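Try each task first, then follow the solution step by step.

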Amino acid sequence: MGIKGFQGTSVLDFPGRIASLVFYGGCNLSCGFCHNPTLIDDFDHYPDMPVEALFDALQQRLGFIDGVVISGGEPTLAPTLSSTLSRIKEMGLAVKLDTNGLRPDVVARLMAQNLLDYVALDVKTSPERYGELHHRPVALGELKKTIDLLLNGTVDYEFRTTCVPGLVEEKDIQCIANLLDGGRRWILQQFVAVHAMDETMQQCEAFSSQVLQGYAEVARAHVQQVELR
């Protein structure tokens, strides 16, 4: 569950900031539509990036970047995540965490330690359908705990849902909207089939813009800000 990749700069992944991206290997889901499949099913075949090499790379970018995005895979599985974020914060950099929300204990601890400036929580589909995302049972109560941490906390955040045909239908959007009721920001993302981990999903036709606009209207009845991406 170590660091598997590093991207020097991005202006899209951390709202209002120029950031470097850090990718962790391994995940506790195996979504067929995952767009980072090599971090899920092949991550043991790639050597870990030495943590000191990461800090050297960040040090070289100080003055240009002002934040770091921690993504994956699922970074909350990494046992050294807290200490890594502490060092990043000591460098004066803001931290954004991308997570699937199934480790609320980790998210709560990082929030309590003031190690997070922004959280992007992926809500994949309606909770009763999470069994379709993994080959083992999923503890859905954990997802709800992380949602509540963000809704009731002080750390800025966004919820994200990739609109996958057959997995995220209008009834699923309505169910998710009920979970996120009163939230600040919900991003509805277009599904990009070419990157899907499941080869059969690579042939799936994405929703039309009209369908996504309809989903956004459902979402806007529950969440303050809704964006299509």
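**Exercise 1. Find which residues of α1 meet which residues of α2, then work out how the two helices are arranged.**

Solution. This is a predicted model, so look for contacts in the coordinates as modelled.
- Step 1: On the α1 side, pick out Val-51, Glu-52, Leu-54, Phe-55 and Leu-58; they meet Thr-84, Arg-87 and Ile-88 of α2.
- Step 2: Two packed helices are described by the angle between their axes and the distance between the axes.
- Step 3: For α1 (residues 51-61) and α2 (residues 81-90), the axes come within 11 Å and cross at roughly 20°.
- Step 4: Angles under 35 degrees count as roughly parallel, and α1 and α2 are therefore roughly parallel to each other.

**Exercise 2. Which residues of α3 are buried, and what covers them?**

Solution. 
- Step 1: List the buried residues of α3, which are Pro-104, Val-106, Val-107, Leu-110 and Met-111.
- Step 2: These residues cover an arc of only 160° around the axis, which puts them on the same side of α3.
- Step 3: Look at what lies over them: the cover includes α2, β4 (94-99) and α4.
- Step 4: Follow the chain just past α3, where Asn-114 has a positive phi of about 55°.

**Exercise 3. Compare the span of α4 with the expected value, then locate its buried residues.**

Solution. 
- Step 1: Helix α4 runs over residues 140-152, 13 residues in total.
- Step 2: From first C-alpha to last, α4 reaches 19 Å, close to the 18 Å expected at 1.5 Å a residue.
- Step 3: Buried in α4 are Leu-143, Thr-146, Ile-147 and Leu-150.
- Step 4: Their arc around the axis is only 100°, which puts them on the same side of α4.
- Step 5: Among the elements covering the buried residues of α4 are α3 (104-112), β5 (118-122), β6 (156-163) and α5 (170-179).

**Exercise 4. Is Pro-75 buried or exposed, and which residues does Pro-75 touch?**

Solution. 
- Step 1: Find Pro-75 in the loop between β3 (67-71) and α2.
- Step 2: Buried means under 20% relative accessible area; at 0% relative accessibility, Pro-75 therefore counts as buried.
- Step 3: Leaving out residues up to four places away in sequence, Pro-75 touches Tyr-24, Ile-70, Leu-81, Leu-97 and Asp-98.
- Step 4: Check one distance too: Pro-75 and Thr-99 are 24 residues apart along the chain, with 6.9 Å between their C-alpha atoms.

Terms used: Residues are numbered from 1 along each chain as its sequence is written. This is a predicted model: local features need pLDDT of at least 70, side-chain atom pairs count only at pLDDT 80 or more; totals for chains, interfaces and linings use all residues. Side-chain values use heavy atoms; hydrogens and water are left out. Helices (H or I, at least four residues) and strands (E, at least two) are DSSP runs, numbered from the N terminus. The expected span of a helix is 1.5 Å times one less than its number of residues. Buried means under 20% relative accessible area, exposed over 50%, partly exposed in between (1.4 Å probe, protein chains only). The arc is that of the directions from the helix axis to the C-beta atoms. Contact means heavy atoms within 4.5 Å. Axes are lines fitted to C-alpha atoms, for helices over the stretch in contact, and angles run from 0 to 180 degrees between N-to-C directions. Angles under 35 degrees count as roughly parallel, over 145 as roughly antiparallel, 65 to 115 as roughly perpendicular and the rest as oblique.
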